[in-house]
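I opened a new page for this structure.

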Amino acid sequence: MKKILIIVLVILMLLVPMSAFAAAGTGSDGNFENSTAGTDFLTEVDISQISVTVPVSVTFVAPVGGGSGIFPTATAYKITNNSFMAVHVSNLVAELDNTSATKTTPISFATVAQDGQSAVKNAFYSTIQAGADTPWVFSTTAKTSFTNAWNVDASNGTTAGTLGLTLSGSNSSLDITNTSAIKVFKIMFTIAPGALA
């Protein structure tokens with residue numbers, strides 16, 4: 001019995017090196033090539049530590065004949081940070097909604113203040129401002145450059161950090177005939193961890 005076992009082991013010892021030599025240089029995953037091998041490290045980023053909210057909707061008053069709108073105050077419209085780390089806004093973009101309103105003229109964003117003299121109907125000029133930073137005019141072109149005015153302090157465990165945002169704007173004359181509040185546009189925030197210097 002011992003002799004048979006020894007013979008089997010010898011055969012295996014002879015076969016293993018031969019297969020190893022035959023596979024050398026094939027470049028298969030996990031094999032060493034020229035005495036070197038590498039390991040890729042993959043990570044799944046846990047974003048559960050970031051808990052930030054913004055108002056789901058905001059209602060403002062737009063004069064049908066054109067002119068300045070009435071918007072919520074910075075006390076009412078704010079970003080709330082419930083995380084135990086500071087965060088900042090890293091991207092801001094606006095989207096038009098031409099599906100909710102009953103109208104003849106498409107809703108659009110204007111780049112200058114509007115009044116009833118504008119030739120374009122349903123044009124909205126709206127801005128959002130953090131602190132003393134330059135107001136950003138709502139646009140489908142994203143805002144990607146930010147100052148530390150867009151930082152939101154961390155929660156201290158009892159009180160959440162907040163960043164009040166100032167909204168303002170005006171509109172041209174409107175041919176929107178809805179009698180209740182309707183969606184005309186929205187802004188999308190991207191939040192990133194940490195505070196800007």
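Entry 1. I am working from a predicted model. I started at Trp150, which has a relative accessible area of 0% and is therefore buried. I then looked up its ring partner and found Phe146, in an edge-to-face pair with 5.4 Å from centre to centre and 85° between the planes. Phe146 has a relative accessible area of 14%; buried means under 20%, so Phe146 is buried too.

Entry 2. I checked what else lies at the ring of Phe146. The charged end of Lys143 sits over that ring, 4.8 Å from its centre.

Entry 3. I looked up the aromatic pairs as a set, and the structure holds 9. In one of them, Phe60 and Phe71, the ring centres are 4.6 Å apart and the planes meet at 5°, so I noted the pair as stacked. Phe60 is in the loop between β1 and β2, Phe71 in the loop between β2 and β3, and 11 residues separate them. Both Phe60 and Phe71 are buried.

Entry 4. I followed the ring pairs onward from there. They link Phe60 and Phe71 into a cluster with Phe109, Phe124, Trp136, Phe138 and Phe185.

Entry 5. I turned to the largest pocket, which holds about 750 Å³ of space. Its lining has 27 residues, and Val58, Phe60, Ile182, Val184 and Phe185 lie nearest the centre. Strand β10, residues 185-193, gives the largest share of the lining, 5 residues. By kind, I wrote down 21 nonpolar, 4 polar and 2 charged residues in the lining.

Notes: Residues numbered from 1 in each chain as written. Predicted model: local features only at pLDDT ≥ 70, side-chain atom pairs only at ≥ 80, totals over all residues. Heavy atoms only, no water. 1 Å grid on protein atoms, 1.4 Å probe; cavity = no way out; pocket = protein on both sides within 12 Å on 5 of 7 lines; lining within 4 Å. Points joined across faces, edges and corners; volume = space filled by probe spheres on them. Helix = DSSP H or I, 4+ residues; strand = E, 2+ residues; numbered from the N terminus. Nonpolar A, V, L, I, M, F, W, Y, C, P; charged D, E, K, R; others polar. Phe/Tyr/Trp six-rings, centres within 6.5 Å; stacked < 30°, edge-to-face > 60°. Buried < 20%, exposed > 50% of the residue type's maximum accessible area, 1.4 Å probe, protein only. Lys NZ or Arg CZ within 6 Å of the ring centre and 35° of its normal.
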